[in-house]
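Subject: Structure for you to look through

Hello,

Please find the structure below, with its sequence. My notes on it follow; read them with the structure open beside you.

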Amino acid sequence: MRRSLVLAGGALVAATAAFAQPVTLSLFGGGDFQPGSYSVSGGANRCIISPESLMHVGLEAADGKSCVHTIVEDTTERATVAYSCRGLGSGRTTIVKDNRNHFTIDAQGIRGREPFAVRQEFKRVGDC
């Protein structure tokens, strides 16, 4: 976190600038996520290195660095995250952990000016 001084109405005011922080969810705590190649329902295999990339299904161009996240729900079996990514869109994603190698994702939001809704299963099939 960075603090800066701002001149407001002739007086110096301390302002805090928050930088995008990686979102850490209890859902992925304890080593319950394994990076690797995941078979995606309705598509080809994808290399998933970071569990955070599962939050942006439907808005894959989002890297998370330009996104603001709000954690709505966070348990060891289920998480819901709302997000807004500058210049890309916004959405809400629910991730359910069926086991450490299988996740079900429900996501909906706006990509550019178009709505999207996605339901996919991710099953780990090996290494990338």
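Leaving aside residues up to four places away in sequence, valine 72 touches Thr80, Ala82 and Arg92. Please keep in mind that this is a predicted model. Valine 72 is part of strand E5. The C-alpha atom of valine 72 lies 9.2 Å from that of arginine 92, and the two residues are 20 residues apart along the chain.

Strand E5 belongs to an open sheet of seven strands, in the order E4-E3-E9-E8-E7-E6-E5, with antiparallel pairing. Its edge strands are E4 (45–48) and E5 (67–74), each of which pairs on one side only. On average, neighbouring strands of this sheet are turned by 25° against each other, direction ignored.

Which residue in E4 is the bridge partner of tyrosine 38? That partner is arginine 46.

Next, the charged pairs. Side chains of opposite charge can pair when their charged atoms come close. How many salt bridges does a search of the whole structure find? The search finds three.

- Glutamate 73 pairs with arginine 78, with 3.1 Å between the closest N and O atoms. Glutamate 73 has a relative accessibility of 29%, so it is partly exposed. Arginine 78, at 37%, also counts as partly exposed.
- Arginine 119 pairs with aspartate 106, and here the closest N and O atoms are 2.7 Å apart. This pair links distant parts of the chain: arginine 119 sits in strand E9 (residues 114–126) and aspartate 106 in strand E8 (residues 102–111), 13 residues apart. Arginine 119 is exposed because its relative accessible area is 59%, whereas aspartate 106, at 28%, is partly exposed.
- Arginine 124 pairs with aspartate 127, the closest N and O atoms being 2.8 Å apart. Arginine 124 has a relative accessible area of 23% and is therefore partly exposed. Aspartate 127 reaches 64% relative accessibility, so it counts as exposed.

That is what I have for now.

Regards

How values were computed. Residues numbered from 1 in each chain as written. Predicted model: local features only at pLDDT ≥ 70, side-chain atom pairs only at ≥ 80, totals over all residues. Heavy atoms only, no water. Pairing = 2+ DSSP bridges. Helix = DSSP H or I, 4+ residues; strand = E, 2+ residues; numbered from the N terminus. Axes fitted to C-alpha atoms, helices over the stretch in contact; angles between N-to-C directions. Contact = heavy atoms within 4.5 Å. Salt bridge = Lys/Arg side-chain N within 4 Å of Asp/Glu carboxyl O. Buried < 20%, exposed > 50% of the residue type's maximum accessible area, 1.4 Å probe, protein only.
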